[in-house]
Amino acid sequence: MAKQVILDLLENTIGRYVLNLDASALNVAIWKGNIELKSLALDVDAVNGDLQAQALEAPNLAAPFRVVEGSFESLKVEVPWSKLSRSSVVFRAKCLHIKLQLHDFLAGVGQQSNELNPTKEMEARQLSIEDAEKGRTRTIALMKLATGEDGFETNSNEKDGFGARLLRRVIENLQIEVSDIKIELMSVGCKVGAVLHSLTLNTTDETGKPSFVNRSKEEHFLWKALHIAGLALYCDQEEVPIRFSQLHSTPHDYILAPLSFDASLKMCDLRKCVEFSKYDLKSKLSDINISLSRIQAENFLTLLSKLQQMKPKSQILFPEYRPLAPILPGNSKAWWKYAFRCVGRLNRRRSWVEFFQAFQKRQRYIILYK
């Protein structure tokens, strides 16, 4: 059951945005507990398709860029099936490079909206229903994994209790190691990007020492340690010839010079935290170096002007959900419900209750229209 859930998650996340992924080989690797993917290319059309769908659904949150190219050298997941109760699941990613380009996903939308296309509208609705069904299936699978194979509720059965504790232990001790990340925005008169040399996230004990945690029900605190090295922002000129004196200098014109820092996070899983905070984040940053040349400032102004031209007119986000009551303390419940439904729509996690309510409204509308 657990292996099938992990296979479904990988196929619906990594497999959705990666080209030429062998599903059968991935299935075999999961059963062996060692998933390793090498020299993979990003499915640019799939990523841009999702960005365009989000832009059409929420114009105010439309991304001002599209993905031109993307690749990563290796992706590895180690799952010690025989030692899950005492060993950590490790996720490693290396050499992820993404190139972006300014793009207006809303260009020409106004002219297209005037021409009604029932076929495309029906296809969009069908796709939304299929996404909701897939999300519901994955949620049910995770709930079964958390509480055992037989049911959803936590009983006194030892099998159910062990399944829930095991899943909790795996999530709490997950190790993440990421290295050599580069994201670059091109074709704006300059090259603006961010680089990251390495990032590690580990579970620790109260003293900050990496360890495998096996908490009981009475223990409500969890400690995490984050280490980031070589995080930097740069702005380079395009098509600049490299001089001999620059061969051994820095590879980019940094605005934020590469920095490294450590952070520790203390989390509490209680629903109500009165005497202490639910999240306590502490970080150590020795130094920071920020510099901005005149050419970089001019390039940034040019980039901001282009982004301003692409910015759509301010619109209400999902006006059909917006409450009629004003924003006052007594109406906070309605506005929080509005925010929750908007986030669900943006993440394509609409509940079946919303589909049923829309069906009822449609039935009433048909009667009134006749």
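M267 stands opposite Y279 in β8. Welcome to this predicted model, in which local features need pLDDT of at least 70, side-chain atom pairs count only at pLDDT 80 or more, and totals for chains, interfaces and linings use all residues. Residues are numbered from 1 along each chain as its sequence is written, and side-chain values use heavy atoms, with hydrogens and water left out. The protein has nine helices and eight strands; helices (H or I, at least four residues) and strands (E, at least two) are DSSP runs, numbered from the N terminus.

**The sheet**

- Eight strands form an open sheet in the order β1-β2-β3-β4-β5-β6-β7-β8, and their pairing is mixed.
- Two strands count as paired if DSSP finds at least two bridges between them.
- At the edges are β1 (34-41) and β8 (279-285), each of which pairs on one side only.
- On average, neighbouring strands of this sheet are turned by 15° against each other, direction ignored.
- Strand β7 (residues 254-268) runs antiparallel to β8, and seven bridges join the two.
- In general, strands of a sheet pair through backbone hydrogen bonds, either parallel or antiparallel.

**A helix across the strands**

- Helix α7 (residues 294-310) lies across β3 (90-102), β4 (175-186), β5 (190-204), β6 (221-237) and β7.
- The angle of α7 to β6 is about 105°; axes are lines fitted to C-alpha atoms, for helices over the stretch in contact, and angles run from 0 to 180 degrees between N-to-C directions.
- Contact here means heavy atoms within 4.5 Å.

**Buried or exposed**

- Buried means under 20% relative accessible area, exposed over 50%, and partly exposed in between (1.4 Å probe, protein chains only).
- Of the 370 residues of the protein, 28% count as buried.
- E172 has its place in helix α6 (residues 158-172), and E172 is buried because its relative accessible area is 8%.
- Not counting residues up to four places away in sequence, E172 touches T203, R215, L222 and K224.
- I290 lies in the loop between β8 and α7, and I290 is exposed because its relative accessible area is 58%.

**The whole chain**

- Among contacts between residues at least 6 apart in sequence, 66% join residues at least 24 apart.
- The accessible surface of the protein comes to about 25,200 Å², and 57% of this belongs to carbon and sulfur atoms; such areas come from the Shrake-Rupley method with a 1.4 Å probe, and for residues only the protein chains shown count as cover.
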